[in-house]
Amino acid sequence: MKARFEGLADGLAEFGYAVMDGFLDDAEVRAILDLDVFKGGIGSLKKAGIGNHQNLQLNEAIRGDYIQWLDKSAAPLPLKVYLKRLQDLRGFLNRNLFLSLQDEEVHLTVYPVGSFYKRHLDQFKKDDRRKLSAVCYLNTNWDEAHGGQLRMYCKDGKIDILPFGGRMVCFRSDQIEHEVLPAKRERLSLTGWMLDLMLT
Ligand code: OGA
Ligand code: MN
């Protein structure tokens, strides 16, 4: 696995983003999909980014996904496997790209059929702890015809990434604008960020 992290480190250093297939293998993806949280569809998740009622409509026009934050200590084993791998990746990137990433935060994400997330940056205006975005997809038998691409706006143009199960995409949270295109199938992922120290 370590050798395979190299491709991610190289891509991040050179282009500000990178893609790695098989970050989770098929059995690891299946074990996550078998968890109760996914069995109930979006029933046990929360609408992402809801404020008050007025914001609700606004949010709907910007993002339509449902999320559940992972609690690192209480997460079921298949998710602990994922968190451990992400932690290993963070260590690798710290050593190889001379970063000082301290922690990661991850939520489960479900995009219902037809939902999307309009073009945005992942860094908050008043909180720049998020340095790297790391999204791992959980969609078995995904086909190009299903849509649901992650579209990244890079300096050389746009790049579309299909959300194949086990695939990991990493990108600079402060630099790469991106959006999630609507899909013909429910679209599942683990969405996370590697965090730096808060310097206040
Ligand atoms: C996000 C996001 C990308 C994806 O949750 O901020 O941009 O491909 N996700 O799911
Ligand atoms: Mn994003």
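**Close-up views of the predicted model**

View 1. Phe98 counts as exposed because its relative accessibility is 73%, where exposed means over 50%, buried under 20% and partly exposed in between (1.4 Å probe, protein chains only). This is a predicted model, in which local features need pLDDT of at least 70 and side-chain atom pairs pLDDT 80 or more, whereas totals for chains, interfaces and linings use all residues. Residues are numbered from 1 along each chain as its sequence is written, chains are lettered from A and ligands numbered from 1 in the order written, and side-chain values use heavy atoms, without hydrogens or water. Phe98 sits in the loop between α5 and β4; helices (H or I, at least four residues) and strands (E, at least two) are DSSP runs numbered from the N terminus. Most residues other than glycine have a negative phi. With a relative accessible area of 70%, Asn141 is exposed.

**View 2. Arg85 on helix α5.** Arg85 belongs to α5, which spans residues 77-97. Its relative accessible area is 15%, so Arg85 is buried. The side chain of Arg85 reaches the backbone oxygen of Phe23 at 2.9 Å. Beyond residues up to four places away in sequence, Arg85 touches Met1, Phe5, Phe23, Leu24 and Glu28, contact being heavy atoms within 4.5 Å.

**View 3. Phe23 and the largest nonpolar core.** A nonpolar core is a set of buried Ala, Val, Leu, Ile, Met, Phe, Trp, Tyr and Cys residues joined through side-chain atoms within 4.5 Å. The largest has 36 residues, of which Phe23, Leu24, Ile32, Tyr82, Met168 and Leu190 touch the most other members. Helix α5 makes the largest contribution to this core, seven residues. A second, separate core of ten residues includes Val135, Leu150, Cys154 and Ile176. Setting aside neighbours within four places in sequence, the contacts of Phe23 include Met1, Phe5, Tyr82, Leu86, Leu89, Cys136 and Met168, as well as Arg85.

**View 4. The largest pocket.** A pocket is an open set of points on a 1 Å grid over the protein atoms alone where a 1.4 Å probe fits, with protein on both sides within 12 Å along at least five of seven lines; lining residues have an atom within 4 Å of a point. The largest pocket holds about 540 Å³ of space, the volume filled by probe spheres set on the points. Among its 25 lining residues, Arg63, Tyr117, His120, Asp122 and Trp193 lie nearest its centre. Strands β3 (66-69), β4 (103-111), β5 (117-120), β6 (130-137), β10 and β11 each supply at least two lining residues, and β11 gives the most, with four.

**View 5. The second largest pocket.** About 160 Å³ of space lies in the second largest pocket. Its lining includes Leu12, Leu97, Leu99, Leu101 and Leu132, together with Lys131, Arg172, Asp174 and Asp196. Ser100 and Gln123 also line this pocket.

**View 6. Pro182 in the loop between β10 and β11.** Pro182 lies between β10 (177-180) and β11 (187-195). Because its relative accessibility is 43%, Pro182 counts as partly exposed. Apart from neighbours within four places in sequence, Pro182 is in contact with Gly114, Ser115, Phe116, His146, Gly147 and Gly148. The C-alpha atoms of Pro182 and Gly64 are 9.5 Å apart, although 118 residues separate the two along the chain.

Definitions and conventions: Polar contact = N/O pair within 3.5 Å; in protein donor to acceptor, adjacent residues only side chain to side chain.
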